[in-house]
Structure formats: structure tokens, C-alpha cells
Amino acid sequence: MMKIAGTAAGAAAVGATVTAAPASAAGAAFAHPGLLHTKADLDRMAAKVKAGTAPYEAGFARLTANRHSQTNWTANPQATVYRGAGSPQNYATLYNDIHAAYQNALRWHVTGDTAHADTAVAICNAWSAKLTSLQGSADRFLAAGLYGYQFANAAELVRDHDDFDLARFQKMMRDVFAPLSEDFLKNHNGAVVSNYWANWDLTAMACVLAVGILCDDRAKVDTAVSYFKHGDGMGSIKNAIPVVHSDGLAEWVEAGRDQGHALLGVGLMGTFCEMAWNQGIDLYGYDDSRFFKGAQYVAKWSLGGDVPYTANTRKKGAINGWSGTETASDAAGVDPNMVRPIWAMIANHYTKRKGLSASYLTRIAAKAAPEGGGGDYGPNSGGYDQLGFGTLAYTRDRSAKPEDAASPAASAASGSDADTASGSDSGSGAASAQQSPSPTPQGGRDGDLAATGSSDVPAWTAATGITALAGGLLLLRRRGRAGRDAQ
């Protein structure tokens, strides 16, 4: 199923966390609404749906057909939410209510029907009046991360509604969700930093960023952005995407785990980049558009194409406790029919905002359209990991001058990060990616890699217990095995 493609070589440094300059301009106001959707985005959706414009109309039909988007939804808040084996798990109650709040809020903005706004507000108020704790196994960190960023997005859409208790909701986010996510990024549940796969970090990063924007907390925003760039865990961009190839593709580390988790990771990083973009922080273009290259890689692989994978070994276990290692020298097969609603947002940024050629992103986004949301991709938690509805929310017209496209709040943050590689936070990274060769389409849970030598092939150093393996470039070939649930 696999074939050897080459030999890994080179070196990369793993080590201390780098303290970066603030990602956003000191004192600059936050844009609201300013998480996954801006006012311009919401106005565009409303106008396009009213005009019956494709594909917005089909995307909106997916929203209206979803049972969570109905005005008869009644919240079922809990004082304590549990997630994880060994606990009285009730977290499905939380994520179902969150998706109902988000979907109703989105319908309100598109149609102007205040009954949907009232439903979304009632859900948010009910939970902020009752929820005091997230408990369970290590999975409680996943609950905090995933449902934290999602709930913040639902609230952001109704933050100016007269009946919404914004202050109480912000307190819940600061006291219940954010502390778990912040603690995970700092301590990783008492485990060695490489123990948890990239998705664990990415959920926590998304939560901290979303809560920071919702609560106008610049320290949280800067913490999340700094971790994206320089974090020690596997969710920082150079650890999640450790190998960049000259053909314009960059390896996604969880391709060595399975397809479902790789797709989740791309969706989470895209979500993180979109929320940052709407506050004037260009992480889509960071480090010569590294995320673009990683997303193209996962898109090509998920379409059944051959992509390289560099073998690696990571250290696992608790600090001063049990320890072991796991080698990802093979990679999961792919099911080209596996669909997650993650691609419209990413493809539209790179092809419409920035004007790049992105054949794999374009193809996989078209294949997934029109995208649905929570409840449309299975009954288990993995079907609720993304808010979805990207065809409606992120389809956009090509910018008149895409190379100059700037985020809505760009003036608040432009050029403020002094350590940005090649100035890519200001968009030059995206331009560079545009000049690199475009790949040709083919047929049909758990260290910091800062490049010091060849950025194309990493070595994993003993600082985090990850060791280099030679000769590990493998071409992933489709096996037709369905991916597992996203957690």
C-alpha cells in the first residue's frame, strides 16, 4: 500500500517557547461581529440568498433543513458537563444546544426572522445561567476547546441582541471554557509535550482565541496567536505541518494517524486562521503560506492522490511517570468519500481573497458542496466538530485585486509582529506561494519544530523525546478504509 520515495535528512530545533511580539496592535479595538463571520459576510449571505444566487441558495437550503435550525428548539442546560470514559457523559446535550444556537443565529442574519434570534438568545442565556464546570477524563480538554470556540461563535452572532446577557455569557466563557484550554496549552494534562496529537492543541488554541475576541481580551488573543507560531506542542504550525516540499505541498503530521483526524486538524486550523483574519491578523499567509501548502496536501490525499509522508517517532507518557514512544512510519488509508464541512472556508480564502491557484482545494470543496453543519455528518460527536455551512457562509466573489486583499481589521494589526518570517503576515507569504509550482491533479490524540537547517525535512530532537528516523519518505496510497471519529 505504501512505496518508498526517498530518504529523510536535515535538522530542526526543538526547545524553549519563543516569546513573540503581540500579534495585534496595542490598543486597537476588536471588530464585532468578528469571529468566523463579519458584518460584511452576513450581509453578503443575506443578499445572495434573497436573490436566489447559486451556490448560496443550495447552502441555505442545507441550513433550513437541519433540525437544529428550527425555532422550536428548547435548551437543556446542565450545571456540570462531563466528557470522557468513566464519567456520566452528558456532553452531547451541550454540543447539540450550541449548534442549535449557532444555526438559528445564522438564519436570523440571513432572513431577518427574529424568532430565530430569540431561539439562539434563549439557548445562550439558559447555559450561562447554569453551567459552572466541565469535567471528565482528558477528554474534558476536548470539550472545552471544541465547544468553547463554537459557543463563542454562536454568541458573537447575537451579542447586540437586547435580550442577550452578554456579560454573564462572557463570564461563563472566561471561567468555564478558557481556563481548561489555557491550562492544556501550558501543561498538556501533565504529559510530555508530544504526547497529544495536534488536534488537542488546535481545539484549545481555537477556544482561547475565540474567547479572547468575544470578551475583548487582547492577552488571550496574543497568547493564542503566539502559540500558533511558536508553541511547543504539536498544534503549532511547524509541528502540525513539519515538512515542506518544493512542489508546493507540505505534510500534515496527523496523516500518520488517520484521515478523520487529519481532516479535523485542517478544519480547526482553518477556523483559527479565519477568526484571526477577521481581526486583522493574517495567519493564512504566515511562514510563506505554510497552511495553504498543508491544506493542499490533505486535499490531494483525501481525493485519493499519492502524497509523501516522512516517518517520525514521538515520545508519549506522563512527566516523571510512564513513558513510551510511537512511530508513525506508515499512514492510514483514505476513503475518498469521507466528507467534512471544512473546505469552502479555506478554498475561498486562497482562491478568491488571495487569487491563488489551488487545484486540490478547489476540487475537494466542489465535491463537498453544498456543505451542511452539525447533525448532517453523523450522530456522534465527530459530526459536530465543525460549525459548517461553508457554501453559504464563505463563498465569495474574487477580489478585484486579490494580491492586495486585506483582512477586515488589517489596519489594527498590519506589520505589528516583528518576528514574522519574510513579512508573510502582511500577505507576502501568500504571494510567494502563488509563484511556486502548482501541483498537477491526479486522477479521478498527541514538540516545536523551528527550522534551523533544511526546512523541508525535519529531525525530531531529544529535547522533547522525538527522534529522527532516516529513509522515511512514504507515498500514501488510498486504502478505502473509512476514517475514525474525529476525537
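Here is a friendly note on this predicted model, point by point.

1. **Ground rules.** Because the model is predicted, local features need pLDDT of at least 70 and side-chain atom pairs count only at pLDDT 80 or more, while totals for chains, interfaces and linings use all residues. Residues are numbered from 1 along each chain as its sequence is written, and side-chain values use heavy atoms, with hydrogens and water left out.

2. **Confidence.** The predictor's confidence in each residue is called pLDDT and runs from 0 to 100. For this protein the mean pLDDT is 82, and 77% of residues reach 70 or more. Residues 1-27 stay under 50 in pLDDT, and the model gives them 86 contacts beyond four places in sequence; a contact means heavy atoms within 4.5 Å. Residues 411-487 are also below 50, with 258 contacts beyond near neighbours in sequence.

3. Helices (H or I, at least four residues) and strands (E, at least two) are DSSP runs, numbered from the N terminus. Two packed helices are described by the angle between their axes and the distance between the axes. The axes are lines fitted to C-alpha atoms, for helices over the stretch in contact, and angles run from 0 to 180 degrees between N-to-C directions. H7 (residues 198-214) packs with H10 (residues 259-277) at an angle of about 20°, the axes being 9 Å apart. The two are therefore roughly parallel (angles under 35 degrees count as roughly parallel, over 145 as roughly antiparallel, 65 to 115 as roughly perpendicular and the rest as oblique). Their crossing is left-handed, a word used if the near helix is turned anticlockwise from the far one by less than a right angle, with right-handed used if clockwise.

4. **What meets in that pair.** On the H7 side the residues include Leu 202, Met 205 and Ile 213, and on the H10 side they include Leu 264, Phe 272 and Met 275. By class, the contact has 12 nonpolar, 4 polar and no charged residues. Here Ala, Val, Leu, Ile, Met, Phe, Trp, Tyr, Cys and Pro count as nonpolar, Asp, Glu, Lys and Arg as charged, and the others, Gly among them, as polar.

5. **H5 against H7.** H7 also has H5 (residues 139-158) as a partner: the axes come within 8 Å and cross at roughly 35°, in a left-handed crossing. Among the H5 residues that take part are Asp 139, Tyr 149 and Glu 156, and they are joined by H7 residues including Trp 200 and Cys 207. This contact divides into 13 nonpolar, 3 polar and 2 charged residues.

6. **H12 and H13.** The axes of H12 (residues 343-353) and H13 (residues 359-368) come within 9 Å and cross at roughly 140°. This crossing is left-handed. Trp 343 and Tyr 350 are among the H12 residues in the contact, and Leu 361 and Ile 364 are among those of H13. The contact has 9 nonpolar, 2 polar and no charged residues.

7. Strands S8 (residues 312-317) and S9 (residues 323-328) run antiparallel and are joined by 6 bridges; two strands pair if DSSP finds at least two bridges between them. Arg 314 has Glu 326 in S9 as its bridge partner, and Lys 316 stands opposite Gly 324. The hairpin has 5 residues between its strands, and Asn 320 in the turn has a positive phi of about 60°.

8. **Backbone details to look up.** Most residues other than glycine have a negative phi, and most peptide bonds are trans. Ala 54 and Pro 55 are joined by a cis peptide bond with omega about 0°, and Pro 55 lies in the loop between H1 and H2. The bond from Ala 369 to Pro 370 is cis too, with omega near -10°; Pro 370 is in the loop between H13 and H14. His 188, not a glycine, has a positive phi of about 50° and is found in the loop between H6 and H7.
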